[in-house]
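Hi there,

Here is the structure I promised to pass on to you. Have a look at it first, and then read my notes below.

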Amino acid sequence: MSQNPDNRPDSSLSDDLAERLSDLTESELRAVISHAESLLPRPPTVADLLEARPGEEILDVEERDGYTKVVKRQPCAQGCEECPHGPYLYHVRVEKHPEDGEGPSLHWQFLGPVR
Ligand SMILES: [Zn+2]
């Protein structure tokens, strides 16, 4: 067991489980962390949340490191004869809203027209 009385495990971890974990080697602990992460629910990805709004055409979606590249054509506010316009390039990320209790949403960063 731990020699440090202040090093108390999280109260949601049972004493039995905490004791078993304290007996593990470093490599076993790393394997436990890796396995535990695979058991946690995965946060939604951009692809999970992405859907075309009315009049939009999503042409390309590519996962990149830290964002997702999305190319789409979209209608303007007026709905003119040339709608939809573009294609336009966006970098899209998932934004979490833990403070106001809303679910995650997409943050769209406009990069410009695609030739
Ligand atoms: Zn238009």
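**What I found**

The protein's secondary structure consists of three helices and four strands. Helices (H or I, at least four residues) and strands (E, at least two) are DSSP runs here, numbered from the N terminus. Along the sequence, the pattern reads α-α-α-β-β-β-β. The radius of gyration of the protein, taken over C-alpha atoms, is 23 Å, well over the 13 Å that the globule rule gives for 115 residues, so the protein is more spread out than a compact globule. That rule is 2.2 Å times the number of residues to the power 0.38.

Before you go further, please keep in mind that this is a predicted model: local features need pLDDT of at least 70 and side-chain atom pairs count only at pLDDT 80 or more, while totals for chains, interfaces and linings use all residues. Residues are numbered from 1 along each chain as its sequence is written.

**Overall layout**

Taken along the principal axes, the C-alpha atoms fill a box of roughly 75 × 30 × 20 Å. An automatic or database domain assignment divides the protein into domain 1 (1-40) and domain 2 (46-113). The C-alpha centres of domain 1 and domain 2 are 41 Å apart.

The four strands make an open sheet in the order S1-S2-S3-S4, with antiparallel pairing. Strand S1 (57-63) and strand S4 (102-113) are the edge strands, each pairing on one side only. From one strand to the next, the twist averages 30°, with axes as lines fitted to C-alpha atoms (for helices over the stretch in contact) and angles running from 0 to 180 degrees between N-to-C directions. Two strands count as paired if DSSP finds at least two bridges between them.

S1 and S2 run antiparallel and are joined by six bridges. Val61 stands opposite Val70 in S2. The hairpin of S1 and S2 has four residues between the strands, and Gly66 there takes a positive phi near 95°.

Strand S2 (residues 68-74) also pairs with strand S3 (residues 85-97) in the antiparallel sense, over six bridges. Thr68 has Val92 in S3 as its bridge partner.

Best wishes
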